Amino acid sequence: MNVWFKILILNLVCILSFSCEEEDISYDIGAYKVDLATVVFDNGLHSFLLDSGESLYTSDQQWKIEKDQRVWLNYSYLSEEKPGYDRVVKVNVCRVITQGKPLITNQETIDIFRNDPVYLRSVWLGSTYLNLDFSFDFYSNPHKIALLMADIQQISDTIMLYFRHSTGEDLPGYERRSYASFDLSEILGLSDGSRLLFVNINSTNYGAKNFDLRY
């Protein structure tokens with residue numbers, strides 16, 4: 001179905017030990033932090049906007065990234081200051097992650113979507129993004145994911161979203177960790193902490209469950 005978003009299959013071995021939540025750990029590269037961020041361009045140079053609203057400047061422009069892409073970012077604070085930015089950082093690792101927007105459709109379509117389980121590590125709201133950290137069993141064929149919403153939900157104060165994953169024709173293989181980020185800005189409205197968001201996810205560790213978040 002053309003409504004599916006393909007999971008971006010990357011070599012994720014180097015990030016398997018990191019959480020997508022902010023961390024402060026000391027290894028051979030020194031103290032570093034890990035976050036999801038949005039790529040921003042200013043006068044042809046890229047910088048990063050964290051979901052917290054903090055802006056990060058880097059003089060290292062080697063990363064092949066585009067405006068508005070969502071990235072997994074491993075970075076270290078530097079002592080320098082840059083006007084217009086909250087922090088100057090050294091980017092240790094920058095990886096583009098899977099991103100998309102929810103597909104608004106009818107409930108009948110949602111019910112027939114394939115719903116293979118993932119191993120869920122975390123699901124959270126960051127700014128207007130729904131972020132997921134999960135693993136799946138991968139051998140060779142691309143998997144697909146989608147985030148669905150019933151059209152009737154657009155007029156409700158409570159939002160119900162459905163995360164769907166398809167293994168396609170892939171065989172059992174090795175665990176792959178992935179991140180996905182869905183832009184909900186067109187359906188969330190203003191944040192006041194009172195709007196309830198449910199995300200239905202089928203996982204091997206929690207079963208098929210609705211996770212509730214507030215916006």
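Me: What joins the side chains of His165 and His143, and at what distance?
Reply: Their side chains are joined by a polar contact of 2.9 Å, a term for N or O atoms within 3.5 Å of each other, one able to donate a hydrogen and the other to accept it.

Me: Where do these values come from?
Reply: They are computed from a predicted model, in which local features need pLDDT of at least 70 and side-chain atom pairs count only at pLDDT 80 or more, while totals for chains, interfaces and linings use all residues. Residues are numbered from 1 along each chain as its sequence is written, and side-chain values use heavy atoms, with hydrogens and water left out.

Me: Back to His165, which strand is it in, and is it buried or exposed?
Reply: His165 belongs to strand β13, strands being DSSP runs of E of at least two residues and helices runs of H or I of at least four, numbered from the N terminus. With a relative accessible area of 1%, His165 is buried (under 20%; exposed is over 50%, partly exposed lies in between, with a 1.4 Å probe).

Me: Which residues touch the most other members of the largest nonpolar core?
Reply: That core has 25 residues, and the ones touching the most other members are Leu130, Leu132, Leu161, Phe163, Phe182, Leu184 and Ile201; a nonpolar core joins buried Ala, Val, Leu, Ile, Met, Phe, Trp, Tyr and Cys through side-chain atoms within 4.5 Å.

Me: And which element gives the largest share?
Reply: The largest share of this core comes from β11, which supplies 5 residues, and the elements that each supply at least two residues include β11 (129-138), β13 (158-166) and the helix α2 (185-188). Another core lies apart from this one and has 13 residues, among them Val39, Phe48, Trp63 and Val71.

Me: Switching to rings, how many aromatic pairs are there?
Reply: The structure holds 6 aromatic pairs, where rings of Phe, Tyr and Trp (its six-membered ring) count if their centres lie within 6.5 Å, with planes under 30 degrees apart called stacked, over 60 edge-to-face and the rest tilted.

Me: Why is the pair of Phe134 and Phe136 called tilted?
Reply: The planes of Phe134 and Phe136 stand at 40°, with the ring centres 6.1 Å apart, so this pair counts as tilted.

Me: What order do the strands take in the open sheet?
Reply: The 4 strands run in the order β8-β14-β11-β10, with mixed pairing, and the edge strands, β8 (98-100) and β10 (119-126), each pair on one side only. β8 pairs with β14 (residues 174-183) in the parallel sense over 3 bridges, given that strands count as paired when DSSP finds at least two bridges between them.

Me: What about hairpins, how many residues join β15 to β16?
Reply: The hairpin passes from β15 to β16 through 3 residues, and these strands pair in the antiparallel sense over 8 bridges, with Asn200 having Asn210 in β16 as its bridge partner.

Me: And what lies in the turn between β4 and β5?
Reply: There are 4 residues between β4 and β5 in that hairpin, and Gly53 in the turn has a positive phi of about 100°. Strand β4 (residues 45-50) pairs with strand β5 (residues 55-57) in the antiparallel sense over 2 bridges, and Leu49 has Ser55 in β5 as its bridge partner.
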